[in-house]
Amino acid sequence: MKKKSLLTFLFLLGMLISFCLCCTDDDGGGRDDLKAELTSSPTNLEFTALGGEKKVVVSTKLDSWNIIPDDAASWCIVTKGDGEFIVNVEEFAERRDRKATLKITSGCESLDFIVIQKAVSADLNLEKTEVSINGFGTAVKIKITGSSDEWIATSEESWIHPEKDGEDLVIRAALSSSDRTGKVQVLLNDAKSEITVNQIGTETTIGSVVFGEDNATAIGVIVNKVDSTNCIYVVSLEEEALEFTPEDKFYIYTDSLKVNGQKATACFKEDKGYKEKFPVIAYCDRIEEQTGMRGWYIPAYKEQEIWQALSDNKKTINTTLKALNADILLQSVENMDPQYQNCWTSTTRSYKEDGYAMSVRTKIMGFSEDNIQYAYYKHAARCFLKIEYLTE
């Protein structure tokens, strides 16, 4: 009987010892009579749909603690540190919240730590998520719609320049001779989308071919590159012998715009009937339609960035034009009398005392001088494009 009582006592004693030793070193170590008083700050976390990183401080009176991740929530990444742990949450694009339950332990104590990521609350829609830009960095537009117009666009790439223009996102790029790819991020509150920008490099030397928006169709040839003003000048592939106007008098004066053909061309376009009155100016519209590129114009008579470059590099430019089966310079008037082998400018000669003009200045290829010709004569009409490029 005494033997049986002794065995019972030893069994109960073993159970008591096992109970007292239930908290191992892995859970915080030490005896169970030392309470961990385990806490965390904060006691839970909430992330927006954009995700991110946050720190949690753990406090315990024991020597160690542990953090157990939620295996069912791979989107919630936990990294344990000294007295703290870091929670990294991925971006989220769903319309419902999601939750991860982490477990913090120390000794015999444990805490459930809840991580909630909120669903996307804003609507953000992009017309395109990928665009191609030519080597000149010519702007492309993407329409952005959403629950608000307070969206912003940024890029980590120094060569990509996004800019908001009403409901459009305008993306330009710096000049490049090589291909490259980057990203633009569009944010609206907790909604985020990305646009891939593919730039196709281009040659920028005089005589190089310029391609259209499809980066495959030739639209012109480079005649000059002026680094001091970040401008490249392009001549059209076509030329036509045209009268400047069939009228013997007109009332548009561009004498003051001797060096700015873009503004001078725009002056003529302010006349509602310019397409019928001024065939040379209307010719620029036709080139725009053919090339898909806006901004073609007739240069002013002192716009030396064009006229001097044409004279200095005529052979190089014509070599490329011939290779493209395009019209060489002055081809449209080469069989005419030498006095008509001139190029129209957009600079008129004003007769202000009479209230009208009847002549336009022309340029003789290869000479610095200009002529004054009656506007109803036929001379070579050639359009040019001025590309203002960005640098990094």
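Predicted model: local features only at pLDDT ≥ 70, side-chain atom pairs only at ≥ 80, totals over all residues.
Biologist: What makes strand 15 and strand 16 (residues 191–200) a pair?
Modeller: Two strands pair if DSSP finds at least two bridges between them. Strand 15 and strand 16 are joined by 9 bridges, in the antiparallel sense. So they meet the rule of at least two. Residues are numbered from 1 along each chain as its sequence is written, and side-chain values use heavy atoms, leaving out hydrogens and water.

Biologist: Which residue between strand 15 and strand 16 takes a positive phi?
Modeller: N189 does, with phi near 55°. The hairpin has 2 residues between its strands.

Biologist: How do you know that strand 12 (residues 152–154) pairs with strand 15 (residues 180–188)?
Modeller: 3 bridges join them, and they run antiparallel. The rule asks for at least two, so this is a pair. I152 stands opposite L187 in strand 15.

Biologist: What counts as a strand or a helix here?
Modeller: Both are DSSP runs, numbered from the N terminus: helices are H or I, at least four residues, and strands are E, at least two. The protein has 25 strands and 6 helices.

Biologist: Why is R349 called partly exposed?
Modeller: Its relative accessible area is 33%. Buried means under 20%, exposed over 50%, and partly exposed in between (1.4 Å probe, protein chains only). R349 therefore falls in between. Across the protein, 42% of the 392 residues count as buried.

Biologist: Where is R349, and which residues does R349 contact?
Modeller: R349 is in strand 21 (residues 343–351). Contact means heavy atoms within 4.5 Å. Leaving aside neighbours within four places in sequence, R349 contacts D255, A357, M358, S359, V360 and I372. Y253 is 96 residues away in sequence, yet its C-alpha lies 7.2 Å from that of R349.

Biologist: How many residues line the largest pocket, and of what kinds?
Modeller: There are 24, with T138, R294, G295, L385 and K386 nearest its centre. A pocket is an open set of points on a 1 Å grid over the protein atoms alone, where a 1.4 Å probe fits, with protein on both sides within 12 Å along at least five of seven lines; lining residues have an atom within 4 Å of a point. The lining divides into 10 nonpolar, 6 polar and 8 charged residues. Asp, Glu, Lys and Arg count as charged, Ala, Val, Leu, Ile, Met, Phe, Trp, Tyr, Cys and Pro as nonpolar, and the others, Gly among them, as polar.
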